[in-house]
Every structure is written in C-alpha cells, then in structure tokens.
Amino acid sequence: MHDSRTNTFDQTSTTSRCGFISRARIAGVATMAAAGLLGNAVFGPLASSQAQPLPGPPPALAAPVAPAQFLESTGLLKALNLPESTPAPAAAPQASIIPAIAPPPPPPPSPASVTLDELVGIVPQVSPQQLAGYVAPLNEALAKAGIDTPVRKAAFIAQLVVESDSFRTFEEYASGRAYEGRSDLGNFAPGDGERYKGRGAIQVTGRDNYQSVSNYLGIDFIAHPELMATPENAFETAAWYWQSRNLNAVSDTGSIESVSRIVNGGTNGLMQRIDSFQRALSILH
C-alpha cells in the first residue's frame, strides 16, 4: 500500500542529506580556494554536478561571491602557516687538490779541479794565504778553457807560475817601452807599448791582444788596460789566450817546451817551467 507520508519523509530526508553533503563539499572547496589551491574553474563542474539547487535565498538576493584568487607559493605557505623554504646555498667549487711535487735536489757542486792543498804543493814558494784567493778564479779558467786533464792542468799552471812570478804579480815589472811601435802586437799609437804591456796571469801583451780579449769577455781593456791585472780577470784572460792558441792540443803532446815557446815566444824561464810542470803532474789527478 503506497504511503504518501512515508514518501514525503524519505524525499525530505534525502533532500536534507543531499543539502548537508553539498554544503560540506562546498565548505571544503571554499577553504581550499581561500588557500589558493583551487581557482574559479573548480566551482563550475561542482555546481553542475548537483541534482537539485541548494535551498537558500532567491538568486537575486544572494550575495555576490568574489572569484577565488590563485596564490603564489609564498602566499600559500603563509595561508597554511608553513615556514618559507630558503634555497640551499650554492656549493662552493671544490678546489682541485694537486699533490705538491718537490723539485729535484740540485746537483752536488763539482769538485774543484785544483784544490788549495794541490796548488800549495805546486807553488810552495808562495804562502797558502795568498794562494787561497786564487783557487776559485783558477778553477773557473780551467773549466772555461777545457783544461781538464792532469797534463793540461800541469802545463797551464807551469806557464802561469813563470809568467806571474809564482802568482806574485799580474802586471809585468818592466815599463813596456820595449814594445813601443811593435806592429806585430798592434802597437801603432804613441804610448801603446807602455799602455798595453804584459798583464794578467799569462801576461797578455799588445793592443791587438787587448782588443781581442776585450771582444771575448765584453770588458773594454783598451780604455781600461789596468782591469786585466785584477785576479778575476787575470785568470780569465789567461784562459782566453790558452784557447786562442789551441794550447790544449799542444799540451797533450807532452812537450812543455813547445807550449813555452808559444806562450813566451822563446825559452825564457824554460827550466822553471819544466820543473813546475813535473811537480804538478806528480800532484794532480
């Protein structure tokens, strides 16, 4: 039997339930819209999905609903009471770690070609204190001229012993007038004989030789001939003379007389040269 009251009640209850559910859904959506999670597009499909309109005032009297606004991420975090995230600092570039490579140790200094004790043994007539100042420039001269065998070293030192009066002087005792006008020495100007007399450990003599050794060492001995008598230049000029006359090759023959004739132009002091040569050979290695 059909009961109209029952139907009415059921219809009313159903409508009430639908209204309650719809309001709950709208309230949730509104909350999300206020937080910026939803936009205007959400309400259209939701409204069209209702089977019946919600009870309420007539449409003319309903308050206008402001369109929901999207919130940027910062506003959304504030609406939800969440702390803002800060971007992680950029990682600092890691310095490349290159293991330090220690430089190779410097090579040990070359042993002196001639030691002070050896030089004292070769030139015993001069005090060790005086000879001590000549060891370094002597060894530099030996290295520069390639005087690197006992025979060559003995021949070289034997010539220096006689020419420098056993390292007592690096300037000729005589005035040099005997060389005046000597064209074979290049002495063409008045005073060249005295100006360019024998100087250095091997007694370089004459304008031409002074000019040549000036070109070799880059020192103007023409303008300043006295500089050749300083110890640092005396042995270097001797090395230049030795090389320029190819005296290593002559020394290798073992003929100290041949060496002496080239250095001195004769046989002056030959016996002393031979004696110094033999003594040096017995000491040097």
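## Asp192 in helix H8

Asp192 sits in helix H8, residues 192-195; helices here are DSSP runs of H or I with at least four residues, numbered from the N terminus. This is a predicted model, in which local features need pLDDT of at least 70, side-chain atom pairs count only at pLDDT 80 or more, and totals for chains, interfaces and linings use all residues. Residues are numbered from 1 along each chain as its sequence is written, and side-chain values use heavy atoms, with hydrogens and water left out.

Is Asp192 buried or exposed? Asp192 is buried, with a relative accessible area of 0% (buried means under 20%, exposed over 50%, partly exposed in between, using a 1.4 Å probe and protein chains only). Setting aside residues up to four places away in sequence, Asp192 touches Glu180, Gly186, Asn187 and Arg207, where contact means heavy atoms within 4.5 Å. The side chain of Asp192 also reaches the backbone nitrogen of Phe188 at 3.2 Å. Gly206 is 14 residues away along the chain, yet its C-alpha atom and that of Asp192 are separated by 7.4 Å.

## Lys197 in the following loop

Lys197 belongs to the loop between H8 and helix H9 (207-217). Lys197 is buried too, at a relative accessible area of 10%. Beyond its neighbours within four places in sequence, its contacts include Glu171, Glu172, Tyr179, Thr205 and Tyr210.

## The buried side of H12

Which residues of H12 are buried? They are Ile256, Val259, Ser260 and Val263. These residues lie on the same side of H12 because they cover an arc of only 100 degrees around the axis, taken from the directions from the helix axis to the C-beta atoms. As a general rule, an α-helix has 3.6 residues a turn, so residues three or four places apart point the same way.

The cover over the buried residues of H12 includes H7, helix H10 (231-244), helix H11 (247-252) and helix H13 (270-283). Just after H12, Gly265 takes a positive phi of about 85 degrees.

## The largest pocket

The largest pocket holds about 460 Å³ of space. A pocket here is an open set of points on a 1 Å grid over the protein atoms alone, where a 1.4 Å probe fits, with protein on both sides within 12 Å along at least five of seven lines; lining residues have an atom within 4 Å of a point. Of its 24 lining residues, Glu163, Tyr179, Gln203, Thr205 and Asn264 are the closest to the centre.

Helices H7 (150-163) and H12 (256-264) are the elements that give two or more residues to this lining, and H12 provides the largest share, three residues.

Terms used:
Points joined across faces, edges and corners; volume = space filled by probe spheres on them. Polar contact = N/O pair within 3.5 Å; in protein donor to acceptor, adjacent residues only side chain to side chain.
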